[in-house]
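Q: Hi! I have a protein on my screen and would like to find my way around. Can we go through the strands and helices together?

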Amino acid sequence: MKKILHIFGVLNRGGAELRTIDLVSQFPKEYQFHFVSLSGKQGELDKKVLENGGIIHYINIREKGFSKKFRRIIKNEKIDIVHSHVFLISGYLNFLARLENVKGRITHFRTSNDVKKKTVFRIIRNFILKILVEIFSTDILYVSNVAKKRIIAKKIMQSKHFVIRNGFEDISFPKVKKDKEFVSVGRFIETKNQIFLLEVISILKEKYNTFIKIYFVGLDNTEYGFLFKEIIKEKRLDENVEVVGLIENVPEYISEFKYFLFPTKLEGLPGALIEAHKANCYVINSDIEENIEVNSYFKESSINLKLDPELWAEKIKEVLKSPPLLDNKSSNDPFQLEKNFSEVKNIYDKY
């Protein structure tokens with residue numbers, strides 16, 4: 001039996017976590033999957049992992065003795081491959097895995113940039129960690145070309161670096177009647193930028209006398225989520241906004257909508273954007289490179305706009321006046337679960 005250890009901060013409902021759980025469910029019983037929660041905390045997806053036969057280890061990276069506990073898990077469980085999804089700290093974790101003679105040591109970059117403030121200390125820290133990633137990782141994976149270009153600009157060992165895009169099952173997106181108009185998906189955090197859409201709604205109401213209602217899907221029990229709800233009250237937009245919160249089946253839900261709004265500021269590979277396309281939505285999104293890369297496979301059903309609320313309001317008014325025609329046929333895109341499984345399995349099978 002081949003044993004693979006996936007590493008996350010916590011198994012909450014995020015794109016990287018959901019896509020990984022979908023992926024490991026495709027593997028036969030000859031592969032056993034372990035998960036480490038580096039926060040030492042239980043997550044929203046723990047139950048799903050355990051139901052699928054996964055094993056979860058809780059250790060806090062900030063606590064004394066972490067390295068010994070981490071190495072003990074690898075040794076006791078006889079781990080063959082470490083697959084780390086925790087950005088640059090993966091370099092340190094794969095160094096520890098190398099000390100335990102783990103053959104396969106994978107660093108998997110699921111975002112395209114470091115979101116934290118760039119202090120002198122952090123710049124030096126990141127430089128050291130990038131070196132550790134290159135030296136102690138046997139494979140370095142990126143979810144997009146943008147991530148590959150941006151995270152480690154000067155690569156020491158080019159042969160270690162690969163782009164492997166997340167995969168989705170097309171059958172998860174039913175062809176249903178689209179009775180609703182606007183939906184937006186994302187955890188309520190500053191980089192997802194949902195407050196921007198409240199500005200857009202206000203302009204549509206005040207300047208164009210146009211009413212729209214946006215349904216917001218995602219974890220809203222956050223500081224940013226509370227601020228979002230306060231602004232709704234201040235701007236008197238209660239009739240224009242529905243905060244749906246977390247739901248179990250996002251693909252099925254968004255398939256009921258005609259338009260998907262995505263004003264995000266930062267992504268790795270924007271999974272919600274891909275889901276919207278596969279759900280046959282017309283997409284209006286921010287013009288960051290990551291979104292543009294995805295939309296290059298869905299040119300007929302997307303538009304990239306700079307984050308200017310006046311421009312977004314004008315475009316939404318235009319779209320409502322002349323609805324785009326969407327092709328119900330499945331696109332020939334690279335975001336297929338079967339392809340993702342094949343690429344990752346080929347890497348695992350080297351070790």
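Strands, helices and sheets

Q: Before we go on, what am I looking at?
A: This is a predicted model, where local features need pLDDT of at least 70 and side-chain atom pairs count only at pLDDT 80 or more, while totals for chains, interfaces and linings use all residues. Residues are numbered from 1 along each chain as its sequence is written, and side-chain values use heavy atoms, leaving out hydrogens and water.

Q: Okay, back to β2. Which residue in β2 is opposite K2?
A: Look for Y31, which stands opposite K2.

Q: And how many bridges join β1 to β2?
A: There are 7 bridges between β1 and strand β2 (residues 31-37), and the two run parallel. Strands count as paired if DSSP finds at least two bridges between them.

Q: How many residues of β1 are buried?
A: Strand β1 (residues 2-8) is mostly covered, with 7 of its 7 residues buried. Buried means under 20% relative accessible area, exposed over 50%, and partly exposed in between (1.4 Å probe, protein chains only).

Q: Which residues of β1 are on which side?
A: On one side you will find K2, I4, H6 and F8, and on the other K3, L5 and I7. They are all buried, and both faces of β1 are covered.

Q: What about β2, how many of its residues are buried?
A: For β2, 6 of its 7 residues are buried, and the strand is mostly covered as well.

Q: Zooming out, what order do the strands take in the sheet with β1?
A: It is an open sheet of 7 strands with parallel pairing, and the order is β3-β2-β1-β4-β5-β6-β7.

Q: Which strands stand at its edges?
A: β3 (55-58) and β7 (161-163) do. Each has a single partner strand, so one side of each is left without a neighbour in the sheet.

Q: How much are neighbouring strands of this sheet turned against each other?
A: On average by 20°, with direction ignored.

Q: How many bridges join β5 to β6?
A: β5 and strand β6 (residues 139-142) are joined by 4 bridges and run parallel.

Q: New topic: helices. Which strands does α3 lie across?
A: α3 lies across β1, β2, β3 and β4, and runs at about 160° to β1. For such angles, axes are lines fitted to C-alpha atoms, for helices over the stretch in contact, and angles run from 0 to 180 degrees between N-to-C directions. Contact means heavy atoms within 4.5 Å.

Q: And which strands does α4 lie across?
A: Those are β1, β4 and β5, with α4 running at about 175° to β5.

Q: Which residues of α4 are buried?
A: In helix α4 (residues 90-99), the buried residues are S90, G91, L93, N94, L96 and A97.

Q: What covers them?
A: The cover includes β1, α3 (66-77), β4 (81-84), β5 (104-109) and α5.

Q: What follows α4?
A: N101 follows α4, and its phi is positive, near 60°.

Q: Let's move to the other sheet, the one with β8. What is its strand order?
A: The order is β10-β9-β8-β11-β12-β13, in an open sheet of 6 strands with parallel pairing. At the edges stand β10 (241-245) and β13 (302-305), each with a single partner strand, so one side of each has no neighbour in the sheet. From one strand to the next, the twist averages 20°.

Q: Which helix packs on this sheet and touches β8?
A: Helix α10 (residues 271-278) does, touching β8, β11 (257-262), β12 (282-286) and β13. The direction of α10 makes about 160° with that of β11. Helix α12 (residues 309-321) lies across β8, β11, β12 and β13, and runs at about 175° to β12.

Q: Last one: how many bridges are there between β8 and β9?
A: Strand β8 (residues 180-185) and strand β9 (residues 214-217) pair over 4 bridges, in the parallel sense.
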